[in-house]
Amino acid sequence: MDEQEQLFFSSEAKTDNQKVVCLGLTFNNDEERRDYFRNELRKKLPQLKKIEGFPTGEDEDIIALSDPPYYTACPNPWINDFVETWNQEKATIYKRDPDEPYSCEPFSSDVSEGKNHPIYRAHSYHTKVPHRAIMKYLMHYTSPGDVVLDAFSGTGMTAVAANLCNDLSESSSIDMNSKIGNRHAIISDLSPVASFISYNYLNSNNNVNKINALQKIIYNLETKFATFFSTKHTNGEKGEINYVIWSEVYTCPSCQHEFDYWNATYDPIKDISVKDFSCPQCKVSLTKKQLNKVWEKSFDSISNKIVTLAKSIPVQINYVYNNKKFNKIPDQNDLNIIEQSNEYIKNINIKPQEISDGVNTKQPKVSNGFEYLHHFYTGRNLIFISEYLSELKRNDLVQLGMFLLTSSSSNLSKLYRWRANGKGGILAGTLYVCSTPQENNPIRQFYRKLKDIKNASFPLENQSIVSVNSATDLLISNDSIDYIFTDPPFGANLMYSELNSLWEDWLNITTNNSTEAIMNVSQNKGLSQYSNLMTKSFKEYYRVLKPGRWITVEFSNSQSNVWNAIQESLQKAGFIIANVSALDKKQNSFKAITSTIAVKQDLVISAYKPNLENINNTTEQLSPQTSWNFIEQHLEKLPIYSDFNNVPTVIIERTPRILFDRMVAYYVQRGFNVPVSSAQFQQEVTQRFPIRDGMVFLYSQVSNYDRKRKTQKDYLQTTLFISDENSAIEWIRQQLLKKPQSRQDLHSSFRKETLHISKYEQLPELDDLLSQNFLRFDDEESSVPSQILTYLRRNYPDLRGLDASHPNVIKKALHRWYVPDPNKQADLEKLREKALLREFNLYVEEMATSKKKLKVFRTEAIRAGFKKAWSEKEFQTIITVGDRLPETIIQEDDKLLMYYDNAQIKLDM
């Protein structure tokens, strides 16, 4: 332990003998409280085991790891008791009525928070949203005393954010001081280790004594095993090992010479590793794919059997002597120490855990011969961990001590890759073992991580509870949650249960992956199974959320069909999507999206649970008025004004076309016919509501928009991805609302915006899109339309004062396209729909004579045909056409998937 490591620990101590009140019960101290509730948990386990997501492990291991009622390493049976207590506090402490009226727009500001924060660094995880980013959402959607839920909580950043909303130093950084105050959080995860990490983050204020005790344990182990982690300097004195580079051994396919990979591929002069190299013996040119790996058998004292592993030898040691770093080739003394450590393993007590078959576990099992999880560690690191675990149990430091172990163990494993550039590390999201792993000194790793944990401690009492269970079966009462922030798993992107097995091995409690919402060949889960599990999870979210309240879904998207499954699952559950934003990393701004194809961005979905009276009114009587009731409620939930860099932006969700789509989805997902046609909607929406800049507002909102709009630039910034015909029409519409333009004015920008169109999409030419959806002055018999006249007078001073029939005005206006007035827009919509249905019928006729799948088509024609077939209850037509589309297209288009899935439901009834 160097001087710096000796000094960072605090000598302060906290007493643990103060009286504790918990759920109405008083205890002499925290230990008495813990013992009482652990006994209660033991009684409840038989019933809790019936709940989806109950982990795999012995009862006593689960109880020992738990700190009930705040944290249980299984489904937490005290959740509703806490919710009831918190609602009472809301009335008494915060002077708030739990049933008070609630109104809130979706959060639409840019969110950018870095990962360089002590809390973020204290423990790694596969995905993690910075807590300060989540705080911005909590401050927007909730008030002090509210209850927040995250059932895909990972390492608990939602709960950390909820607690830190009461911390002035954290809250002031996001400039929302008026809503500073503690929020209560309920967090759960299917993974025992994720929930365990969450619990330790949330209880970091009680760590001072425990950190000092852990430091002492590490120091004693450092003294005990100093020889294992030392090497001789050139003068014979001892230096401390930083790390050891190991290398797999291969044979040359030409001469059968055996050599280590590192020395063959590392160029010490250039300090790089090369891909093309020569055999040290016969000098033949080689690549790694041509080599034959050397295997060796040995007796494994932990599993008590003979194992066959890829041969690996130490090739270089990096060490410190007199505060300077040196490199050396391992000498005989170093090899003897390694042999001694391997002999010592016979004395340790490690339970062998077999590596299960999986997507991520295939590589270490096949390429390295690993059969057990302890094969991921070198002998001396395994010895250190084993002795450390024994010390934790003897000193009653299991909670924080295991937190330190799991935060360090990945860096102590063979997953850690050596790199010539010094930027070694673990290949994120994998269990990949490379040919040159780096064995790090566990003593240094533990000291470093213990310091990180100390720095991550925040001085607030925990106001959250933690559970281990599936999001498909929440132990929460109906309509009791104020807000949900969640970052759900993304398809086949990460195999959480496989990746977590390396940590959970040390906890003796592992994930029950039967309801793990992923796409995994080993678990026989594809897109359909993933979608069903997400739908079930979102239905649970919908059940427990209060009516009129919000859910925010943060989603890392790289496959449109998986993202589409998320959006479809949300809507099936009953949520109404109010905003979907994608972070444009090049522009550092959010772009709205109306379709998902080819959108490869991080997405944020804002959705709400409709008020009960709106749901009841819809189900009681399906009349056109119910659709307008829905639109009124939906408009209340949309942001009124949005800008970027003081330039006003179009709120895509307020445009008539997208409003109609949301209304259609609302009815179809509930199995109803849509009461109004697209043409009717386009005509009536402008008669019922005020329109500004092509967006629809309530009368109670429009004055607010007008006031803000006057202070900004004239033209709105359109931020919209073009991914299909529908979004292309909306993009053109937004351009023409700024100013009437000619085809030449639009052409260049339009081509750039349509680069991401799907290969299946038969997108009409720009000329066709303009003629079918917009009007041009030279097509009119009357004088210059008012939209064009206003534009000309503003941009051409010499035309001011002239009437619309003046030749100069007409000359300037010729060939300019503009957005038609509502009545003409409705007529165009009718004509366009007829044309789309004619094309759809051609597809149906083609299918009657050919069994081939459609290769190229207009998606808008398929959507129009599905909509008409739905209204006429021709559900088989939807299924028949859907089955003849390319395999991925249904899953990639939210509207087609909506009709297809619901048609299947209707046919199965």
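These legends go with a few close-up views of the predicted model above. Residue numbers start from 1 along each chain as its sequence is written, and side-chain values use heavy atoms, with hydrogens and water left out. Because this is a predicted model, local features need pLDDT of at least 70 and side-chain atom pairs count only at pLDDT 80 or more, while totals for chains, interfaces and linings use all residues.

**View 1. The whole protein, before zooming in.** The protein has 34 helices and 31 strands; helices are DSSP runs of H or I with at least four residues, strands are runs of E with at least two, and both are numbered from the N terminus. Of its 909 residues, 57% are buried (under 20% relative accessible area, with exposed meaning over 50% and partly exposed in between, using a 1.4 Å probe and protein chains only). Take the contacts (heavy atoms within 4.5 Å) with a separation of 6 or more: 74% of them join residues 24 or more positions apart.

**View 2. Helices α26 and α27 packed together.** Here α26 (residues 743–753) meets α27 (residues 766–773) at an angle of about 125°, and their axes are 11 Å apart. The axes are lines fitted to C-alpha atoms over the stretch in contact, and the angle, on a scale from 0 to 180 degrees, is taken between N-to-C directions. That makes α26 and α27 oblique to each other; under 35 degrees would be roughly parallel, over 145 roughly antiparallel, and 65 to 115 roughly perpendicular, with the rest oblique. On the α26 side, look for Arg743, Leu746, His747 and Phe750; α27 brings Leu766, Asp767, Leu769 and Leu770. Sorted by type, the residues of this contact are five nonpolar, one polar and two charged.

**View 3. A cis bond between two prolines.** Most peptide bonds are trans. The one from proline 68 to proline 69 is cis, with omega near 5°. You'll find proline 69 in the loop between α3 (59–65) and α4 (79–92).

**View 4. Asparagine 508 and its positive phi.** Asparagine 508 isn't a glycine, yet its phi is positive, at about 65°. It sits in the loop between α17 (496–507) and β21 (509–510). With a relative accessible area of 29%, asparagine 508 is partly exposed.

**View 5. Aspartate 693, in a loop between two strands.** This loop runs between β28 (691–692) and β29 (695–696). Aspartate 693 is another residue other than glycine with a positive phi, near 50°. Its relative accessibility is 28%, so aspartate 693 counts as partly exposed.

Conventions:
Ala, Val, Leu, Ile, Met, Phe, Trp, Tyr, Cys and Pro count as nonpolar, Asp, Glu, Lys and Arg as charged, and the others, Gly among them, as polar.
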